[in-house]
Amino acid sequence: MNYKNIREECVAANKELQSLGLIDITFGNVSVLDPAAGVFAIKPSGVPYDALTPEQMVIVDLEGKIVEGDLRPSSDEPTHRRLFIELGDKGITSVVHTHSRNAVGFAQAERSIPCLGTTHCDYFRGAVPVTRPMTVEEVEGAYEWETGNVIVELFSEVNPLEVTAALVRNHGPFVWGKNGAKAVETAFALEIVADMAAKTLALNPSAAGAPAHLLKKHYDRKHGPGAYYGQK
């Protein structure tokens, strides 16, 4: 099989990371899942974004076996795979990882991105959480798979369909969505709200954040059962 659709979607999403200024050098990757086939396409490791073609995308199954492709997949492939195993049956078909600078700033500061205003509310129902520190055993063992595990641990506290991003402590953001374009858009929104939050906290470290009723209104008007933002 050629998996043409997910190859093309994966290339387009990876190139959009560069267009939006979310990556430096080759620090970032997007994957796109075909749920029916049980495989996903992912960017090959270290290949410049300008040079990417659909044929270069590596096709990996949910056991970690390379199904098609001559190049090595992104080193973050096991993290993407872990998230697809957890979220694929919930309609998530794309995972994005970046080292976007403001979101990484919060990850390195070891703190969640608080929900301070309506821009944040439009995308995330609450703070974007940060993972716990990884243990020596996790880092020295199956590091990328364990990175996925510490993200999944957060789902006991937040709904991953309402807060579609997480910060890996001392590392950076992982974001997911129902297709590649949406996941990249959310990664861009995450970087925007991280920038806004950093500036807000610099001006007022004790900023109280968006009240619950405002959060609910803004999130639900875009994502709730009676959503009315945008065009149908």
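Angles under 35 degrees count as roughly parallel, over 145 as roughly antiparallel, 65 to 115 as roughly perpendicular and the rest as oblique.

**View 1. Helices H3 and H7 cross each other.** In this predicted model, local features need pLDDT of at least 70 and side-chain atom pairs count only at pLDDT 80 or more, while totals for chains, interfaces and linings use all residues. Residues are numbered from 1 along each chain as its sequence is written, and side-chain values use heavy atoms, with hydrogens and water left out. The axes of H3 (residues 101-108) and H7 (residues 180-203) cross at roughly 60° and come within 7 Å; H3 and H7 are therefore oblique to each other. Helices (H or I, at least four residues) and strands (E, at least two) are DSSP runs, numbered from the N terminus. Axes are lines fitted to C-alpha atoms, for helices over the stretch in contact, with angles from 0 to 180 degrees between N-to-C directions.

**View 2. Here is where H3 meets H7.** Look for Arg101, Asn102, Ala103 and Phe106 on the H3 side, with Leu190 and Glu191 among their partners in H7. Contact means heavy atoms within 4.5 Å.

**View 3. Helix H6 has buried residues.** In H6 (residues 143-153), the buried residues include Gly148, Asn149 and Val150. Buried means under 20% relative accessible area, exposed over 50%, and partly exposed in between (1.4 Å probe, protein chains only). Their cover includes helices H2 (77-87) and H5 (136-140) and strands E6 (165-168) and E7 (172-177).

**View 4. Asn2 sits in the segment before helix H1 (4-19).** At 48% relative accessibility, Asn2 counts as partly exposed. Not counting residues up to four places away in sequence, Asn2 touches Arg7 and Glu68.
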